[in-house]
Amino acid sequence: MEERIKQYVETLKGNKRDNRSALSLIRYADNFVIIHEDLNVVLKCKEIIANWLSDIGLELKPSKTKLTHRLNELDGNVGFEFLGFPIQQHKVGNYRSASNGTFKLGFNTLITPSKAKVKTYKALIAEVIDTHKIAPQADLISKLNPIIRGWSNYSTVLSKEIFSKVDHLTSEKLRAWVRTRGKGDINKDKYWRTVGDRNWCFSTEDG
């Protein structure tokens, strides 16, 4: 599919290599985004992909396929969501800055985890902790670590406040888990340790 649209952009006016690099196709499983500065090119790519999918008995789902601009409204849309991340540009002032010999209005591209993804993650963390109330700490950690590790991969986006809230929620759930095994802080040193320069790490004695 990607090669089909790359072959198309090579036929456009200009240098073939520049034409290929001007178009981006980002794909994960059956989710993909096509980005190009020319709306007509994007429309043609949509047509090419629809034909390519038809050849293998598939089709684009209208409800999940839309044309949009990251900054300006297009067909009632501004920005888009990809793999649970809302992506949108916002103007940051009326000044203009030079870039490659051209002048563009200043803007920032903001990418944050969607509210639905945050809600799903929080619910999953809570469920794992609640269903391991009588399990050994090592078993609980082994279940939580892959989930937290996957979530932490979201750190490439602008989500400091969201991470802080979710981190606090996880800590509170773990404290509640510990309170079911003793009173007050009696179990603090048993379940939380200092690891390197990090305090209050939920860790077993053997790490």
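Q: Which strands form a hairpin with A29 in the turn?
A: Strand 1 and strand 2, with 2 residues between them. This is a predicted model, where local features need pLDDT of at least 70, side-chain atom pairs count only at pLDDT 80 or more, and totals for chains, interfaces and linings use all residues. Residues are numbered from 1 along each chain as its sequence is written, and side-chain values use heavy atoms, leaving out hydrogens and water.

Q: Where do strand 1 and strand 2 sit, and what counts as a strand?
A: Strand 1 covers 24-28 and strand 2 covers 31-35. Strands (E, at least two residues) and helices (H or I, at least four) are DSSP runs, numbered from the N terminus.

Q: How many bridges join them, and which way do they run?
A: 5 bridges, and the strands run antiparallel. Two strands pair if DSSP finds at least two bridges between them. Y28 has N31 in strand 2 as its bridge partner.

Q: What is phi at A29?
A: Near 55 degrees, a positive value in a residue other than glycine.

Q: Is A29 buried or exposed?
A: Exposed, with a relative accessible area of 53%. The cut-offs: buried is under 20% relative accessible area, exposed is over 50%, partly exposed is in between (1.4 Å probe, protein chains only).

Q: Switching to aromatics. How many aromatic pairs are there?
A: A search of the whole structure finds 4. One of them is W177 with Y191, edge-to-face at 5.4 Å centre to centre and 85 degrees between the planes. Rings of Phe, Tyr and Trp (its six-membered ring) pair if their centres lie within 6.5 Å; planes under 30 degrees apart are stacked, over 60 edge-to-face, the rest tilted.

Q: Where in the chain are W177 and Y191?
A: W177 is in helix 6 (residues 160-179) and Y191 in helix 7 (residues 188-191). The pair links distant parts of the chain, 14 residues apart. W177 is buried at 2% relative accessible area, and Y191 is buried at 5%.

Q: What about W192 and F202?
A: Their ring centres are 5.6 Å apart and the planes are at 65 degrees, so this pair is edge-to-face. W192 lies in strand 6 (residues 192-195) and F202 in strand 7 (residues 198-202), so the pair ties together parts 10 residues apart in sequence. W192 and F202 are buried.

Q: Which residues form the aromatic cluster?
A: W177, Y191, W192, W200 and F202 form one cluster.

Q: What lies over the face of W200?
A: R175, at 5.6 Å from the ring centre. A charge sits over a ring if NZ of Lys or CZ of Arg is within 6 Å of the ring centre and within 35 degrees of the ring normal.

Q: How do strand 6 and strand 7 run?
A: Antiparallel, joined by 3 bridges. V195 stands opposite R198 in strand 7. Their hairpin has 2 residues between the strands, and G196 takes a positive phi near 65 degrees.

Q: Last topic: which residues lie nearest the centre of the second largest pocket?
A: I148, D167, L174, C201 and F202, out of 25 lining residues. Helix 5 (137-152), helix 6, strand 6 and strand 7 each supply at least two residues of the lining. A pocket, on a 1 Å grid over the protein atoms alone, is an open set of points where a 1.4 Å probe fits, with protein on both sides within 12 Å along at least five of seven lines; lining residues have an atom within 4 Å of a point.
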